[in-house]
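Here's a quick tour for someone meeting this structure for the first time.

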Amino acid sequence: MHYLSTRNKQLQYTPAQAIAQGLSREGGLFVPQQIPSLEEGALDAMKEMTYPQRAAYVMGLYLDGFSSEELLCFGEKAYSAEKFDAPAIAPVRRLDDSTFCLELWHGPTCAFKDMALQMLPHLLSASLKKNEESRTACILTATSGDTGKGALEGFRDVDQTRIMVFYPKDGVSQIQELQMRTQEGTNVGVCAVDGNFDDAQTGVKQLFSDESLRKVLDERGYFFSSANSINWGRVLPQIVYYISAYVDLVGLGAVAMGDPVNVCVPTGNFGNILAAYYAKRMGLPLGRLICASNSNNVLTEFLTTGVYDRNRPFHHTVSPSMDILISSNLERLLYDLSEGDADLVSDYMNQLHTTGRYEVNSLLKEKLFACFAAGCADEVQTKAAIRNSWEQYGYLMDPHTAVGIHVCSQYRNSTKDDTVTIVASTASPFKFGDTVLEAVGESDLPAGLALLDRLSEVTHHAIPAPLEALRNKQPRFDLCVGKGQLCNAVLDFLN
Ligand SMILES: *Cc1c(COP(=O)(O)O)cnc(C)c1O
């Protein structure tokens, strides 16, 4: 199977080329030439498999040139008992007979990014070997919090890679900043940017497109690569957990094999819900894909009207990892729904670039509305969802997951569709302790790590080990640069 760009179908790439390169030269995203189907009996066979075995099977359908032994080895390293504190890796938890949370935050950084960023380094390293690449990959990442730590932890001490993360100085939570500044590893760098997330993101994009910097790097034996969810190597590992969750629901007796299940996903860059879409296209019996947004509800509007319009105020919310107005991975969905019409996709993306807006044609609207539902939660609704779940089910959830739970019940009330639903749970509540404590009625909150203790006292939940361990770590990085100085920071880092 080959990979193509969403904006140009002329060139074909092997999976290893698509993963090493990350983004196609003309700005398109890599997509598989065709979406593979789950084989007859595959779901039954998966009941008996471990999570790494499930991952190896599903990823193998997409990765020509990677052997199943190789993929199983990656799966066992990425999803090991040392790294994940739940034996199921991505367990499903029952709230009631028709609502199940798929917990994706049992990895080393306590957010769902680990599900993909623990796997991506293995895929990337192997891709470099297969491509006979002799240079070292220099991975640059701008982060609003969770991606940066996830990428640092995934790539630390991985051969033939260096990773540098830029975060907005005042745009991440205290715990997120501490997580990054204490990062261990010999190939990692962390740098604050004096500005907001857009400044960091724009700065990194400029480095990627700086031809003279590219030349300097090449002479020194480096090339740039990306760990953001534009990389196919991040979307692919996410397909696995939807299939795994379905198999587990059958195992629990919540549904019979073949029955449809809805999925509700708190969404930012559209990566996580796109993975659910691919799982459905592979033949997994999924019904509605419900897209949940916070007050930055550009996707709610798009999925209900067919108009994408980023010309709107940007809101800082209590679910910061979803504070995004340009959802990059939507491009892959448009490509698939238009049956590979790269010209049409290019046209929409150009409109988005120049005017900040596009409207899809009526055929695409019909397909979008048939497959997806969408809704959003404001700050009050998000906190109410945390409190209600805690009071009603004794289930503690973070604000991102709460957006999903709110939209799930909103959808049920308005449609009367009572299909069993998997809600993606994307972060540990301990990562957003201040909001969670406020939601359950606490006031006079302490700052920093003392929040962990308070949340633990109030809820009688144990503090996740990776967060507990922050207490004994010294910050290693204190670099902070101005908006225009990212280039020097990278050159110093590579020296
Ligand atoms: C990244 C993130 C999201 C959004 O996921 P997308 O793939 O960007 O849609 C939601 N919740 C948390 C906690 C995240 O870190």
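Two strands count as paired here if DSSP finds at least two bridges between them. Helices (H or I, at least four residues) and strands (E, at least two) are DSSP runs, numbered from the N terminus. Keep in mind that this is a predicted model: local features need pLDDT of at least 70, side-chain atom pairs count only at pLDDT 80 or more, and totals for chains, interfaces and linings use all residues. Residues are numbered from 1 along each chain as its sequence is written, and side-chain values use heavy atoms, with hydrogens and water left out.

**The six-stranded sheet**

- Six strands make an open sheet with mixed pairing, and their order is S4-S5-S15-S10-S11-S14.
- Strand S4 (92-96) and strand S14 (372-376) sit at the edges with a single partner strand each, so one side of each has no neighbour in the sheet.
- Neighbouring strands of this sheet are turned by 25° against each other on average, direction ignored; axes are lines fitted to C-alpha atoms (for helices, over the stretch in contact), and angles run from 0 to 180 degrees between N-to-C directions.
- Strand S11 (residues 286-293) runs parallel to S14, and five bridges join the two.
- Cys-291 is found opposite Ala-374 in S14.

**Helices on that sheet**

- Helix H11 (residues 232-252) lies across S4, strand S5 (99-103), strand S10 (261-266) and strand S15 (421-425), and it runs at about 135° to S5.
- Helix H12 (residues 271-281) packs on the sheet too, touching S10, S11, S14 and S15, where contact means heavy atoms within 4.5 Å.
- The direction of H12 makes about 170° with that of S11.

- Three strands form an open, antiparallel sheet in the order S2-S1-S3.
- Strand S2 (8-13) and strand S3 (30-32) are at the edges; each has a single partner strand, so one side of each is left without a neighbour in the sheet.
- From one strand to the next, the twist averages 40°.
- Strand S1 (residues 3-5) and S2 run antiparallel and are joined by two bridges, with Ser-5 opposite Asn-8 in S2.
- Helix H14 (residues 330-337) lies across S1, S2 and S3, at about 40° to S3.
- How many residues of H14 are buried? Eight of its eight are, where buried means under 20% relative accessible area, exposed over 50% and partly exposed in between (1.4 Å probe, protein chains only).
- Among those buried residues of H14 are Glu-331, Arg-332 and Asp-336.
- Just after H14, Glu-339 takes a positive phi of about 55°.

- On a 1 Å grid over the protein atoms alone, a cavity is a set of points where a 1.4 Å probe fits but cannot get out, and a pocket is an open set with protein on both sides within 12 Å along at least five of seven lines; lining residues have an atom within 4 Å of a point.
- The second largest pocket holds about 530 Å³ of space, a volume being the space filled by probe spheres set on grid points joined across faces, edges and corners.
- Of the 28 residues lining the second largest pocket, Gly-171, Val-172, Ser-173, Gln-176 and Pro-320 lie nearest its centre.
- Helix H8 (174-181), helix H9 (197-208) and helix H19 (433-439) each give at least two residues to the lining of the second largest pocket.
- The largest cavity has a volume of about 30 Å³, and its lining includes Thr-267, Ser-293 and Met-322.
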